[in-house]
Amino acid sequence: MKNFVVKTIANAGALAVAVWLLDKITLTGDSTGKKIGTLIVVALVFGLVNFLVKPTVKVLTFPLFILTLGLITLVVNALMLLLTSWLADKLDLSFHVEGFWTAVVGGLIISVVSWALNVVLPDDKD
């Protein structure tokens, strides 16, 4: 359970950095508390998308992984971010990613920041 909370916090932090760095990834809200709550819910949706959808997409695109020497990962991460944005819209969350190339850069930022936060944050596998 603690591992799940740590990963969700890391995803929320990574999403916050992407929102901060890229103008076309937006998070709106009346107050800071509402924005933080929205970020946590979006991080949960993003984690769920990565847990349920991403493995299937990776299996289906395995030949492309080999052909591109793994660079297709950037496209897969972008698609997962766009799917999260679409789901956030359906759930009436104020998170939006505008465009594929923004999603590619955002996915790269989220991957790097999430990795760094997972290194720094405690991770008990008990």
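1. By class, six nonpolar, seven polar and one charged residues make up the lining of the largest pocket. Here Ala, Val, Leu, Ile, Met, Phe, Trp, Tyr, Cys and Pro count as nonpolar, Asp, Glu, Lys and Arg as charged, and the others, Gly among them, as polar.

2. The model is predicted: local features need pLDDT of at least 70 and side-chain atom pairs pLDDT 80 or more, while totals for chains, interfaces and linings use all residues. Residues are numbered from 1 along each chain as its sequence is written, and side-chain values use heavy atoms, with hydrogens and water left out.

3. The volume of the largest pocket is about 330 Å³. A pocket is an open set of points, on a 1 Å grid over the protein atoms alone, where a 1.4 Å probe fits, with protein on both sides within 12 Å along at least five of seven lines; lining residues have an atom within 4 Å of a point. The volume is the space filled by probe spheres set on the points, which are joined across faces, edges and corners.

4. Of the 14 lining residues, Lys7, Asn11, Gly47, Leu48 and Phe51 lie nearest the pocket centre. Helices H1 (2-21), H2 (32-52) and H6 (100-120) each supply at least two lining residues. H2 gives the largest share, seven residues. Helices (H or I, at least four residues) and strands (E, at least two) are DSSP runs, numbered from the N terminus.

5. Buried residues of H6 include Thr102, Ala103, Val104 and Ile109; buried means under 20% relative accessible area, exposed over 50%, partly exposed in between (1.4 Å probe, protein chains only). The buried residues of H6 pack against H1, strand S1 (25-27), H2, helix H5 (72-90) and strand S2 (95-97).

6. Leucine 74 lies in H5 and touches Val104 and Leu108, not counting residues up to four places away in sequence. Contact means heavy atoms within 4.5 Å. Leucine 74 is partly exposed because its relative accessible area is 33%.

7. The structure holds one aromatic pair. Phenylalanine 100 and tryptophan 101 form this edge-to-face pair, 5.1 Å centre to centre with 75° between the planes. Rings of Phe, Tyr and Trp (its six-membered ring) pair if their centres lie within 6.5 Å; planes under 30 degrees apart count as stacked, over 60 as edge-to-face and the rest as tilted. Phenylalanine 100 is partly exposed at 30% relative accessibility, and tryptophan 101 is exposed at 65%.
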